[in-house]
Amino acid sequence: MFYKNDIVKVLLPIAVGDGYDYQLNAPAEIGTFVNASVMNRKLIGVIIGAGDSGLPLEKIKPATPLQFRITQSTLNWIQKMSEWTMMPIGMVLKLIINVPEAFNPPKTEQLYLFEENKKIKMTDARQAIADAFTSNYNEPMTISDIKNITHVSYAVIRSMINNKTLKPVSQQIKKTGLEEINYFDTKKVKLNSEQKCAADSIKLGDFSVYLLDGITGSGKTQVYFDSVWRAYATGKSVLLMMPEIALTAQFMNRFESRFGAKPVVWHSNLTAARRRDIWRGVANGEIKIIVGTRSALFLPWSNLGLVVIDEEHDGSYKQEDMGNYHARDMAILRAKIENFPIILASATPAMETLRNASDGKYKHLKLKSRFGGASMPVIETIDFRKPEEHTDSGHISTTLFNALKQTLADGQQAMLFINRRGYAPIVQCKKCGWHADCPDCSVGMTHHKKNNSLLCHICGRTQPMQKKCPICDDEELSMSGIGLEKIQEEILAKFPNARTALVSSDTIMSRQALERLVNKMESGEIDIVIGTQILAKGHHFPNLTLVGVIDADMGLFSTDFRSGEKTFQQLFQVAGRAGRAELPGRVLLQTYQPEHSVFNAICTYNRDDFMANDMAGRRVAKMPPFGQLIAIIVESEKEHILKKFCENLAAVTPKIKNAKIFGPIPAQLYKIRTWYRMRFLVAGDERANLQSAVKHWLSKIKQPANVRIKIDVNPQNFM
Ligand SMILES: [Zn+2]
Ligand SMILES: [Zn+2]
């Protein structure tokens, strides 16, 4: 306990320093948030201990305690997370103070409500605004809420205010009613014996990691719901994390059916008022269960009794800008420090997780049967090297064509999967060799036919499609490679009467839009849906019996040592869409290398052998999870400064025990948003202490102001 006039050390949400001394103007404890100022900037910090700078009193500024605090063990977690990820500790704190308005009284800005008017044309942008209201429980929103959630332009918002589809409301910000939710066990669900056995193996109380491993439809959700209920019933808080795309109405309904009320949901597209209420509700312990994306881990929890991470292998748990961290790993770290159990659920667990399970560090709970006896689809490869598979259009093989024809004739639905947006990724002049590259990034721009544009998939830059070659004026530009729109064109040429829909982040701007599509699929208004991986997750389509993967090889040529694992996970997830109800499904994978082990494994549902093989390879190569990697990405807008700085850094490369340093080499994406990029890779075996060696190394060279250094511990992405 600290008293008025005590000198305390305050950690601030900034990249430099690990705490500064302030004088309290009211009593407070360790972990209490305070208002403090640094260089005339007002910031919210947190008390981490007694002051120790020895500065004379007149040099010490005051700090005002605020009403919320975090626990000592949360502070310990912040410290450990900073050491592991090499993020400055203040930047880890910043993740927790991600709702600064939580400390202020509610704002009194003008609020608006959406009012439908059938006479007014709803463009995609206007629809995105309407959807934002739906996903925020039709609560009134400020203009900045609308802007932050939808990213539409002010012009669109103004046009909707003018045509009165956005109506000002005079209502004060009402309480969101979040604190009044009471859950109870509806007892509507009865676990089968396999589920019951898994559920009973999960012990609440002390730290332990459980891997809940079962195919789609095996009933993992009800197993972890059982633990959620038991933790909640003892007064503990529970965090259920999932990828944003999996936060579906279907899931919320299942939750409600089990617990009598909908969960409080946390993601990046909430209004400021709701974020504020949730943050405060978690801080004062009124909100006990949250279903949310990775940032929910950084809410000010004080009494966690359980964390569940659904789809634990999913790439969206890795944060890659504003600090690199893996939310699954940081959740496990938090569970260990705060001493509570954690459940990782997946049909295709990550290699790291499988290894810990096979070493006995995690308890491995397997669910083998598919709920309700639904059978798994038959998965086959189509050998695209065979001439008889080639058709006039090019990208749909004879076998897939015939299967589509049969599916349509049977009145069933098909899904075609291709993980690339737009029409064609390569636009070039065959006469002089010019190709359309993004001026700001070192990648080609993709042609999008729908709005006749060229789009950079790295930075989002968009410009009108070239009518002719800008160099030689030739009017025949070639468009090679395949994207969604090209596949749709081919399908419509072959099946002119088929009703198709495209699903990608271009066409689906919100979860509501995705759910409208799901409804259309369910009501039979669509015959063939063509989509990217957005489609691969979470949704059940009862009448979908055929899945075609247009380019199953796409992920296999990358230099990423995880490409086999990632391809397996993705194809397995896509395959899981077919034939989930009474109708048996069929999955066709178009490939030029059907003998590849990943296809063997998928077609025979032999995940364990495939992963065991891949694991053996990584053990030999000392790749994660049998070794450690740290990527250091150095960036500058000035190429010569970047090169010079990297040379200087390379000149003082340390010798690290049990580790090697590679680089600098130009990054695969050498330029992003006008910044040039070079990479170092530090690779060590399991004994090496890479973090402290890297920290020491980087401290030897002064970093110029126009150079950025990003440190990525255990990188998932090698671009
Ligand atoms: Zn040309
Ligand atoms: Zn770009």
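Leaving aside its neighbours within four places in sequence, with which residues is Asp131 in contact? The points below take this up after a word on the model.

1. The model is predicted.

2. Asp131 is found in helix H3, which covers residues 124–135. Beyond the neighbours within four places in sequence, Asp131 is in contact with Ser510, Gln512, Ala513 and Arg516. Asp131 counts as buried because its relative accessibility is 4%, and buried means under 20%.

3. The zinc ion (ligand 2) is coordinated by the SG atoms of Cys438, Cys441, Cys456 and Cys459, at 2.3 to 2.4 Å. Along the chain, the donors of this ion follow the spacing C-x2-C-x14-C-x2-C.

4. Why is the arrangement around the zinc ion (ligand 2) called tetrahedral? The four donor atoms subtend angles of 106 to 114°, and four donors count as tetrahedral if all angles lie between 85 and 135 degrees. For comparison, the ideal angle for four tetrahedral donors is 109.5 degrees.

5. An open sheet is formed by four strands in the order E29-E30-E28-E31, with antiparallel pairing. Strand E29 (659–672) and strand E31 (707–713) stand at the edges; each has a single partner strand, so one side of each is left without a neighbour in the sheet. From one strand to the next, the twist averages 20°.

6. Strand E28 (residues 627–636) and E31 run antiparallel and are joined by seven bridges. Within this pair of strands, Ile633 has Lys710 in E31 as its bridge partner.

7. Which helix packs on the sheet, touching E28, E29, E30 and E31, with a direction at about 20° to that of E30? This is helix H18, residues 639–651, and strand E30 spans 675–685. Helix H19 (residues 690–699) lies across E28, E29, E30 and E31 and runs at about 25° to E28.

How values were computed: Residues numbered from 1 in each chain as written. Chains lettered and ligands numbered in written order. Predicted model: local features only at pLDDT ≥ 70, side-chain atom pairs only at ≥ 80, totals over all residues. Heavy atoms only, no water. Donors = N, O, S within 2.8 Å, 3.2 Å for Na, K, Ca; no water. Tetrahedral: all angles 85-135°; square planar, octahedral: opposite > 155°, others 65-115°. Pairing = 2+ DSSP bridges. Helix = DSSP H or I, 4+ residues; strand = E, 2+ residues; numbered from the N terminus. Axes fitted to C-alpha atoms, helices over the stretch in contact; angles between N-to-C directions. Contact = heavy atoms within 4.5 Å. Buried < 20%, exposed > 50% of the residue type's maximum accessible area, 1.4 Å probe, protein only.
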